[in-house]
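Open the model in a viewer and keep the selection tool at hand. The stops below go from a helix pair to some backbone details.

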Amino acid sequence: MNKHIKKCEVRKKERDTQILSNENIITPRIWIKKQFKIRDIPLTEIESLKMKILTIYKTLSINVLKREIISPEIKDKFKNEQLNGKNGKTIFQEISIFENLKKEKYFDFNRRNCFIELGCGAGSLSRTVQIGCNYNSSHILIDRMKYNSKNKYDNVIKSQLIGDNFISRKLIDIKDFSIQTEINNKDINVIAISKHLCGDACELSLNKIIEYKERISFAIATCCHYLLNHSNYCNMFFIHSVGITDEEFDYLTRLTGWASLKEDSNNYVIGKMIKEILDYGRLLYLEKNSFQSLLLLEYTTQTKENHLIMGYKLH
């Protein structure tokens, strides 16, 4: 019993010192957004927006590269029951994210690499990355929600660390997290990763990545674009430049739900175009902030939430 009490006291202390803010910046917005649905948008407005999106999309020449990479080298490190089980699709997505990081040479096996997983949940992506790096990697896991030890991968990752690598979990909102404070060492190669980063949690993460003063690269699988609105999207300058108003933007984010429809429907095409425009705007925002070699990928066939944005900056 005394051992249990001491353990609880340690956990309470960790919670008290790591959470900088209990303000939930996402949930209230979700409540607001759900007050209207696609069916609440006037049909005339929908038809007008569809025509506008078709026109805008043609002028932008967005390059979406289809690049799903599943190499036997890392796939064979998972058991068949894992790949064929309920988490199989997730593992294949994570493998493709890792392989795309590897293809772009965002990490170097001869350097100290630290992967920061934003909105990490149980830390499954970090676990797959660790396997891909042959366990020679460090990991910082960021999430504002507490996960039971039996549902997270922290201890598994920790048990297989080699050398001076480390793992750390921060129970903190992304908006309160500072990469610069956590890693102030030019010798550490920093890579920010996430799957899937919902709505404006992506905007928060991009700003944190931009704030870091050293070289940093990133790979973020975006999702839940319908949670965005004109007050939290990172590049409304771009949106306004192509002739979309704030009100139209809020309607369009709702229409991204069409991207989950059957692929032979016209609405599916429109929904997919909107999502590509939103992620393209994010890349333009990063480009203005000194990021290079920016990519928008369809990185997986396991889900229709299949966008991965990637890039790096030197300092």
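Which residues in α10 meet which residues in α13? The model is a predicted one, so read each stop as a feature of the prediction.

Select residues 201–211 for α10 and 266–288 for α13. On the α10 side, show Cys202, Glu203, Leu206, Asn207 and Ile210; on the α13 side, show Arg282, Tyr285 and Leu286, which they meet. The residues of this contact comprise 5 nonpolar, 1 polar and 2 charged.

Two packed helices are described by the angle and the distance between their axes. Here the axes come within 11 Å and cross at roughly 20 degrees. Angles under 35 degrees count as roughly parallel, and α10 and α13 are therefore roughly parallel to each other. The crossing of α10 past α13 is right-handed.

Next come the backbone exceptions. Most residues other than glycine have a negative phi, and most peptide bonds are trans.

Go to strand β5, residues 188–198, and pick His196 within that strand. The peptide bond leading from Lys195 to His196 is cis, with omega near -20 degrees.

Move to the loop between α6 (88–103) and β2 (112–118) and select Lys105. Lys105 is not a glycine, yet its phi is positive, at about 60 degrees. Is Lys105 buried or exposed? Its relative accessibility is 67%, so Lys105 counts as exposed.

The last stop is Cys224, in the loop between β6 (216–223) and α11 (236–241). Cys224 also is a residue other than glycine with a positive phi, near 50 degrees. With a relative accessible area of 15%, Cys224 is buried.

Note on methods: Residues numbered from 1 in each chain as written. Predicted model: local features only at pLDDT ≥ 70, side-chain atom pairs only at ≥ 80, totals over all residues. Heavy atoms only, no water. Axes fitted to C-alpha atoms, helices over the stretch in contact; angles between N-to-C directions. Helix = DSSP H or I, 4+ residues; strand = E, 2+ residues; numbered from the N terminus. Parallel < 35°, antiparallel > 145°, perpendicular 65-115°, else oblique. Left-handed = near helix turned anticlockwise from the far one by under 90°. Contact = heavy atoms within 4.5 Å. Nonpolar A, V, L, I, M, F, W, Y, C, P; charged D, E, K, R; others polar. Buried < 20%, exposed > 50% of the residue type's maximum accessible area, 1.4 Å probe, protein only.
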